[in-house]
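User: I'd like to learn how to read a fold like this one. Can you walk me through it?

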Amino acid sequence: MSGIATLPARAPGAERPVLRERGQREVFCGLTGIIWLHRKIQDAFFLVVGSRTCAHLIQSAAGVMIFAEPRFATAIIDERDLAGIADANDELDAVVAQLLQRRPDIKLLFLVGSCPSEVIKLDLSRAALRLGRQFGPDVRVLNYSGSGIETTFTQGEDACLASLVPVLPDTEAAELLVVGALADVVEDQFARLFAAMGIGTVRFLPPRQAALLPAVGPGTRFLLAQPFLADTARALEERGAVRIPAPFPLGVEGTTLWLQAAASAFGVSAASFSSATALPQERGRRAVARYRTELAGKRIFFFPDSQMEIPLARFVSRELSMQAIEAGTPFLHRQHLAEELDLLPESVALSEGQDVERQLDRCRAARPDLVVCGLGLANPLEAEGLTTKWSIELLFTPVQGYDQAGDLAELFARPLVRRMRLAV
Ligand code: SF4
């Protein structure tokens, strides 16, 4: 079997070919997003309505974090038949009442659905309305699904942010909205860069506090900071907001083009753009160059996991001179990724969805120097002598923007250095 996904040749002007696979998948469910979202919205609480499995997943994913704080929990709904649903609603109401009494700091409560059948029977949107009436306006209660049946790994963030859109205040103002959870340090850097360019008001979704929900309306121009926010973008567009097409702010090139897209939408002059970004661009380029020497020519294979695979494949190919063999993504949003696909070298095979055994065969045959994959695949592949990088780290680590471009490059260099050390 060939090490590279076999795709038909592309006719001139035709869409870039994608290998679509619909088989067994190896990805986390959307509950995982709680681990970075609970750190971002500081007065929010995520109450997973789920089973013991969900509680274990959240705890073990949180264990990867160093500074996890208890702003999430699982209300365990044990097996019960339909006749027991009224009791389950009563139990949920009692858990929420107890929680809010003990934690007056909570201003935004997310009821997060999961996939066990007992939970699917519960109508969490009605529960959120009921509890919202009881505890509002002090506490806003929303719901979304993190179920493994409906969501993969990063779609949990999409579902969470999409649930916020209907409650955002209205505005007619022409404002920039940055959409997608970014580490505070990255958000502050971007806010400074936009201010230096002269873009007056910039809002962020999600906000750091429930009271800081950004307003939205027909004057809103929004920039996606993450490539996995299809539902959130659609909900914003339904409120009249307009997406600014751009690649994603990973690496120096991605960051520059992302900022440039906003600058063009807000009429920033070339001189203002250049004076705001020239120095950080140079700093970022120098930081990335340190790793290019080690990584140039190394072959890398991306399993579908975070939906960040295509922007990452673009970054490693163009800024680190790595050879990306296959970039797999759980879903390919052609519109949101159009600018990325234009930049991605034609030699990178694209795959969407997964048939994990077939993909493992392709990966083994290709013998890449580095494999980016989920935790479930990393150990077996390491045992076969392949070097891996957990894709989840790319969500837990600040990687966007100029000042993080070197850190992003280092994430790819570190496992190779570790493997070399083990080999000597
Ligand atoms: S939501 Fe479903 S897939 Fe996720 S931990 Fe719970 S049971 Fe497992």
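**Reading the sheet and its surroundings**

Analyst: Let's start with a strand pair: strand E4 (residues 108-113) and E5 pair in the parallel sense over six bridges. In E5, Ser145 is the bridge partner of Gly113. Two strands pair if DSSP finds at least two bridges between them. This is a predicted model, where local features need pLDDT of at least 70 and side-chain atom pairs count only at pLDDT 80 or more, while totals for chains, interfaces and linings use all residues. Residues are numbered from 1 along each chain as its sequence is written.

User: What order do the strands of the open sheet have?

Analyst: In general, strands of a sheet pair through backbone hydrogen bonds, either parallel or antiparallel. Here the open sheet has four strands in the order E3-E2-E4-E5, with parallel pairing. Strand E3 (72-76) and strand E5 (140-145) are the edges, each pairing on one side only. On average, neighbouring strands are turned by 25 degrees against each other, direction ignored.

User: Which helices pack on the sheet?

Analyst: For angles, axes are lines fitted to C-alpha atoms, for helices over the stretch in contact, and the angle runs from 0 to 180 degrees between N-to-C directions. Contact between two residues means that their C-beta atoms, placed from the backbone, lie within 7 Å. Helix H5 (residues 124-135) packs on the sheet and touches E2, E4 and E5, its direction making about 170 degrees with that of E5. Helix H6 (residues 155-164) packs there too, touching E4 and E5, at about 140 degrees to the direction of E5.

User: Is E5 buried or exposed?

Analyst: Count C-beta atoms, placed from the backbone, within 10 Å of a residue's own: 20 or more others make it buried, 12 or fewer exposed, and anything in between partly exposed. Six of the six residues of E5 are buried, so the strand is largely enclosed by the rest of the structure. Arg140, Leu142 and Tyr144 point one way from E5, while Val141, Asn143 and Ser145 point the other way.

User: Which residues touch the most other members of the largest nonpolar core?

Analyst: A nonpolar core is a set of buried Ala, Val, Leu, Ile, Met, Phe, Trp, Tyr and Cys residues joined through C-beta atoms within 7 Å. The largest one has 124 residues, and Leu47 and Phe110 touch the most other members. Strand E2 (residues 44-50) gives the most to this core, six residues. Beyond its neighbours within four places in sequence, Leu47 has contacts that include Ala73, Val96 and Phe110.

User: What about the phi of Gln307?

Analyst: Gln307 is not a glycine, yet its phi is positive, about 70 degrees. Gln307 sits in the loop between strand E10 (299-302) and helix H11 (309-319), and counts as buried because it has 26 C-beta neighbours inside 10 Å.

Key. Helix = DSSP H or I, 4+ residues; strand = E, 2+ residues; numbered from the N terminus.
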